[in-house]
Amino acid sequence: MASNWPITGKDLKAALQDTTLQDSDAELALFAEAACERIDKDTGRNVEPTRHEVAGKVPVIFVLAARETAKLWWQQTKNGPRNRPAQGELDGPPAGADLPRKVQGWLGGYPPRLFIPAEEETP
């Protein structure tokens, strides 16, 4: 497993830059884990856990993508409509539905491997 993956609740807390989150460690960890799981699914790491690793680490863009995704999901969940982007600045689908568009772009160069099922032999 990559030494810089998955991100932690502490990483998300740093991304949020909110000092009032002292009693939210378990919930922050949950959001961080969910973002990492979603990114693993999108990049094929859920099937091949070492996919895209170099020297025991995932590319830094994975860490940034996880932080950005978890941060967006946290803000949308906790702040609701008050924290949504202004009209025309929508950065993705509603809370937790998918990865934000910019994160999809960042991870676009890291696709999952295409598995082609073996043809069944006929007797």
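User: Which is Q17, buried or exposed?
Analyst: This is a predicted model: local features need pLDDT of at least 70, side-chain atom pairs count only at pLDDT 80 or more, and totals for chains, interfaces and linings use all residues. Residues are numbered from 1 along each chain as its sequence is written, and side-chain values use heavy atoms, with hydrogens and water left out. Buried means under 20% relative accessible area, exposed over 50%, and partly exposed in between (1.4 Å probe, protein chains only). Q17 has 70% relative accessibility, so Q17 counts as exposed.

User: How many helices and strands are in the protein?
Analyst: Helices (H or I, at least four residues) and strands (E, at least two) are DSSP runs, numbered from the N terminus. From that end, the elements run α-α-α-α. The count is four helices and zero strands.

User: Where does Q17 lie?
Analyst: Most residues other than glycine have a negative phi. Q17 has a positive phi, near 50°. Q17 lies in the loop between α1 and α2.

User: What is the phi of A55?
Analyst: A55 is found in the loop between α2 and α3. With 79% relative accessibility, A55 counts as exposed. A55 is a residue other than glycine with a positive phi, near 55°.

User: Which residues does a cis peptide bond join?
Analyst: Most peptide bonds are trans. P6 is found in the segment before α1. The cis bond has an omega of about -5° and joins W5 and P6.

User: At what angle do the axes of α1 and α2 cross?
Analyst: Axes are lines fitted to C-alpha atoms, for helices over the stretch in contact, and angles run from 0 to 180 degrees between N-to-C directions. The two axes come within 7 Å. G9, L12, K13 and L16 in α1 meet D25, L28, A29, F31 and A32 in α2. The axes cross at roughly 95°.

User: How are α1 and α3 oriented to each other?
Analyst: Angles under 35 degrees count as roughly parallel, over 145 as roughly antiparallel, 65 to 115 as roughly perpendicular and the rest as oblique. The axes of α1 (residues 9–16) and α3 come within 9 Å and cross at roughly 70°. The two helices are therefore roughly perpendicular.

User: Why is the pair of W5 and F62 edge-to-face?
Analyst: Rings of Phe, Tyr and Trp (its six-membered ring) pair if their centres lie within 6.5 Å; planes under 30 degrees apart count as stacked, over 60 as edge-to-face and the rest as tilted. The structure holds three aromatic pairs. The ring centres of W5 and F62 are 6.0 Å apart, and the pair is edge-to-face because the planes stand at 80°.

User: Which aromatic cluster includes Y110?
Analyst: The rings of F62 and Y110 have centres 5.1 Å apart and planes at 80°, so this pair is edge-to-face. F62 is in helix α3 and Y110 in the segment after α4, 48 residues apart. F62 is buried at 0% relative accessibility, whereas Y110 is partly exposed at 25%. One aromatic cluster is formed by W5, F62 and Y110.

Note on methods:
Contact = heavy atoms within 4.5 Å.
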